[in-house]
Amino acid sequence: MKSLDRSSFEEQARLVSRYVAGDLSRSERGEFEAWLVASPELAAEVEMERRLRRGIASAARRGWLPRQAPVDTGRERRWQIAIAASAVLSLGIVLSLVVPHSETTVPGKRLFADAGEQRIASTRTVRLGSVRGTGGVPDVSIVLTEAPSELVIEPDVVVLTCPDGAIEIECTGGSAPKTPQYAEYEMDLVKRHGATLAWRSSRQLPVGRTQLSFTLHEPGSYDAGDYDLIVRGHSPDHAEVVARFWLRVSAQ
Amino acid sequence: MSALSAEEIERIVAAALTGDRAAESRMLEALRPGVLAVLRFGAFHRWIDQEDLTQETLHIVVERVRARTIDDPRKVFAFAAATARNLALNAARKMLRQQTVVDSELVDELAQNLETEQNDLSDSDDKHLAQAVAALLEELPTERDRQMLIRFYLDGTDKQQLCRDLGLSPKHFDRVLMRARTRLRAIIERRAPHLALVPRVIAILLPLAMSFTFLVRHFGSW
């Protein structure tokens with residue numbers, strides 16, 4: 001660490017996103033982490049970066065993010081802005097005539113959240129970590145009488161590897177591992193009694209390198225009992241169970 | 001602790017290096033959030049118990065400070081970061097070694113008797129966070145910034161590619177990210193303050209508990 005002054009802090013703060021993404025070189029990371037230990041302010045930045053990443057993933061999962069084609073740059077954009085401005089102005093005039101004047105719109109609390117809340121009214125999301133403690137209770141429990149219409153399972157099980165497939169904390173050349181261990185992942189729901197396959201997801205690629213999300217529709221339609229949620233990784237020539245969780249469906 | 005600047009923490013560590021026990025306690029309190037952050041965002045953060053390793057790291061740091069083998073506070077920061085990283089690597093190696101045999105009957109049997117780790121956010125908190133991010137994206141001044149964040153964080157498009165596609169300079173890119181974090185913090189503090197408070201509360205309470213442990217161990221009383 002050369003200096004602990006403000007400009008050095010700002011220099012490090014610009015690296016926050018790359019640090020959380022694991023994109024810093026060995027020397028950059030060493031310097032950044034020494035700073036991290038010295039500065040709660042930088043640690044708070046890192047924490048907020050984590051929240052931002054997670055929040056965006058969660059909002060996307062709930063369908064609250066506006067997805068559009070990449071924005072064009074250059075001359076055409078001016079026309080688009082002019083047309084959009086005209087449209088917004090026209091819409092504003094129409095709305096001002098139609099909408100009752102006693103109601104006001106609260107900034108930042110409009111379309112996404114309101115629409116999203118209705119959409120996820122009967123969705124339950126469960127995150128399952130790869131580090132599990134000891135105990136004799138199921139990872140996920142559902143009561144048939146209160147079952148959601150969708151059970152979204154997000155297992156945190158994707159291991160990142162080096163380009164050569166090695167599992168290391170640092171790859172050759174000092175870069176961090178970035179490649180998911182398997183190209184695709186799927187989830188099976190297997191009833192323990194009789195070992196019968198009750199459901200299998202479609203295969204999916206990890207989003208943002210490590211995020212998986214499997215949606216089990218109408219979990220209340222399954223028989224009461226204990227099930228295994230098995231996550232399997234697939235490469236072209238190999239498949240392996242990478243995690244197994246316990247789901248209990250109870251009558252009441 | 002979040003009010004302390006890096007310079008203030010450097011002074012505290014410098015005092016601890018002289019053998020000042022009160023400064024030592026303050027040092028533990030001051031270093032904890034950063035050590036925890038190193039462990040939370042290291043390459044194998046999902047395979048380690050971050051709280052345990054933070055405590056272990058701080059134990060090693062305080063022993064080293066007492067031994068007077070480090071004379072520069074900045075070296076203490078680097079030492080703490082390197083210690084945290086090495087402990088994480090060892091813990092992750094152990095965990096990943098175990099995971100390679102997850103297909104065996106025995107491990108499957110054991111896995112069925114295990115429960116999941118505690119997630120740091122409940123469903124409700126996760127929803128609050130998603131709402132805060134949706135609000136943040138709505139508040140952004142341009143569609144370009146909005147698409148930049150979504151493509152960067154969700155699609156994993158890299159910075160150079162985004163700068164090319166969206167006609168941004170790298171500095172502008174960094175500024176948008178920094179502003180987004182600052183704005184998200186403000187929204188969270190307004191809408192779901194406990195999401196912003198949790199790390200701070202832990203940052204205060206756990207070092208106090210650690211200080212208590214050290215004092216009882218070394219002096220026999222609080």
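1. Helix 6 of chain B is mostly covered, with twelve of its 17 residues buried. Buried here means 20 or more other C-beta atoms within 10 Å of the residue's own, with exposed at 12 or fewer, partly exposed in between, and C-beta atoms placed from the backbone. The buried set is B:Asp126, B:Lys127, B:His128, B:Leu129, B:Ala130, B:Gln131, B:Ala132, B:Val133, B:Ala134, B:Ala135, B:Leu136 and B:Leu137. A quick length check: the end C-alpha atoms of helix 6 (residues 123-139) of chain B are 24 Å apart, which agrees with the 24 Å that its 17 residues should span at 1.5 Å a residue. That expected span is 1.5 Å times one less than the number of residues.

2. Before going on, some bookkeeping. This is a predicted model, in which local features need pLDDT of at least 70 and side-chain atom pairs count only at pLDDT 80 or more, while totals for chains, interfaces and linings use all residues. Residues are numbered from 1 along each chain as its sequence is written, and chains are lettered from A and ligands numbered from 1 in the order in which they are written. Helices (H or I, at least four residues) and strands (E, at least two) are DSSP runs, numbered from the N terminus.

3. Staying in chain B, have a look at B:Thr83, which lies in helix 4 (residues 73-99) of that chain. B:Thr83 counts as buried because 21 other C-beta atoms lie within 10 Å. Leaving aside neighbours within four places in sequence, B:Thr83 is in contact with B:Thr57, B:Ile60 and B:Val61; contact means C-beta atoms, placed from the backbone, within 7 Å. B:Leu58 is 25 residues away from B:Thr83 in sequence, and their C-alpha atoms are 9.0 Å apart.

4. Now the meeting of the two chains. Helix 4 (residues 40-61) of chain A packs on helix 2 (residues 21-41) of chain B at about 30°, with the axes 9 Å apart. Axes are lines fitted to C-alpha atoms, for helices over the stretch in contact, and angles run from 0 to 180 degrees between N-to-C directions. On the chain A side, A:Pro40, A:Ala43, A:Val46 and A:Glu47 meet B:Pro33, B:Gly34, B:Ala37 and B:Phe41.

5. Chain A as a whole has six helices and eleven strands, and buried residues make up 34% of its 252 residues. Of its contacts between residues at least 6 apart in sequence, 66% join residues at least 24 apart.

6. Five of the chain A strands form an open, mixed sheet in the order 3-11-10-7-8; strands pair if DSSP finds at least two bridges between them. Strand 3 (140-143) and strand 8 (196-200) each have a single partner strand, so one side of each is left without a neighbour in the sheet. Neighbouring strands are turned by 30° against each other on average, direction ignored.

7. Which strands of this sheet make hairpins? Strand 10 and strand 11 of chain A are joined by one through two residues, and strand 7 and strand 8 form one with four residues between them, where A:Gly194 in the turn has a positive phi of about 90°. Strand 10 (residues 225-235) pairs antiparallel with strand 11 (residues 238-250) over eleven bridges, with A:Arg232 opposite A:Val241. Strand 7 also runs antiparallel to strand 10, over eight bridges, with A:Asp188 partnered by A:Ile230.

Methods. Contact = placed C-beta atoms within 7 Å.
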